[in-house]
Amino acid sequence: MVILSSAYLAPVSYYRQLFNNSAVIDGFGNYVKQSYRNRCRIATEAGVMTLTVPVEKPHSGNVPMRDMLLCNHGNWAHLHWTAITSAYNSSPFFMYYSDDIRPFFENPFKYRYLFDFNEALRETLCRLLGIGRAPAYSNAYVENADGLEDLREAIHPKRVSPGSDRLIRYYQVFETRNGFIPDLSVIDLLFNMGPDSLFLLKDEPVAV
């Protein structure tokens, strides 16, 4: 059993944990900057691009993740979808899945909080990937994760995520230009591999 933070278009290693384990998502831990809580990494023709969702604190000091507010600074939702479209429009399955994902960027402020936006997006991605096991949510901050593998800070943009060494290569649109880039946002896997994505998330992935 694992405990995770909520994450924006989380990496493949995060969804691998959701698929292979019972998971608890903690919304009561403090929001941490420069983490996957509000950022993701996609592959573009020029290499890796980081997309960051701007947020606002409702008050000064430490703020629980579930209380962080979405912000419309810089028209980010439009820019993110434009970047995603540019990166994946030529991928094999972009047109197949884009209609399910686009609405989150057309009307992100249907959700006031980053946590709610992330989780609604995660539920959609789990459905598209075929991950049937739903995580539980903590009802308070989990201080001592007894019996849980605590991955809240282990899956992080500046660290090698647990289990990422067991992820296998798959087709990427710009691989001939940039080489294979591991552990990008799960949308990279979904748009490139479609229904075969689930096979690559298994503890013992199967080459497809």
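Let's start at M68, which counts as buried, with a relative accessibility of 1%. Keep in mind that this is a predicted model. M68 sits in the loop between strand 5 (55–56) and strand 6 (69–70). If you set aside its neighbours within four places in sequence, M68 is in contact with Y31, V55, E56, K57, V63, R112, Y113 and L114. For a sense of distance, pick out L167, which is 99 residues away from M68 along the chain. The C-alpha atoms of that pair are separated by 32 Å.

Now zoom out to the whole chain. The protein chain has 8 helices and 8 strands. Its C-alpha atoms fill a box of roughly 45 × 40 × 30 Å along the principal axes. A compact globule of 208 residues would have a radius of gyration near 17 Å, and the 16 Å of this chain agrees with that. Of the 208 residues, 52% count as buried. Look too at the contacts between residues at least 6 apart in sequence: 69% of them join residues at least 24 apart.

Helix 1 is mostly covered, with 9 of its 9 residues buried. The buried residues are V12, S13, Y14, Y15, R16, Q17, L18, F19 and N20. So what does the covering? Strand 1 and strand 2 are part of the answer, and the cover also includes helix 5 (114–129), helix 7 (186–193) and helix 8 (197–201).

From there, move over to a pair of helices. Helix 2 (residues 76–88) and helix 3 (residues 94–101) pack at an angle of about 170°, and their axes are 11 Å apart. Angles over 145 degrees count as roughly antiparallel, and helix 2 and helix 3 are therefore roughly antiparallel to each other. On the helix 2 side, the contact is made by W81, I84, T85 and Y88, which meet F94, S98 and I101 in helix 3. Sort the residues of this contact by type and you get 5 nonpolar, 2 polar and no charged.

S98 lies in helix 3. Is S98 buried or exposed? With a relative accessible area of 0%, S98 is buried; the cut-off for that label is under 20%. Not counting residues up to four places away in sequence, S98 touches W81 and F191.

Conventions
Residues are numbered from 1 along each chain as its sequence is written. This is a predicted model: local features need pLDDT of at least 70, side-chain atom pairs count only at pLDDT 80 or more; totals for chains, interfaces and linings use all residues. Side-chain values use heavy atoms; hydrogens and water are left out. Axes are lines fitted to C-alpha atoms, for helices over the stretch in contact, and angles run from 0 to 180 degrees between N-to-C directions. Helices (H or I, at least four residues) and strands (E, at least two) are DSSP runs, numbered from the N terminus. Angles under 35 degrees count as roughly parallel, over 145 as roughly antiparallel, 65 to 115 as roughly perpendicular and the rest as oblique. Contact means heavy atoms within 4.5 Å. Ala, Val, Leu, Ile, Met, Phe, Trp, Tyr, Cys and Pro count as nonpolar, Asp, Glu, Lys and Arg as charged, and the others, Gly among them, as polar. Buried means under 20% relative accessible area, exposed over 50%, partly exposed in between (1.4 Å probe, protein chains only). The radius of gyration is taken over C-alpha atoms; the globule rule is 2.2 Å times the number of residues to the power 0.38.
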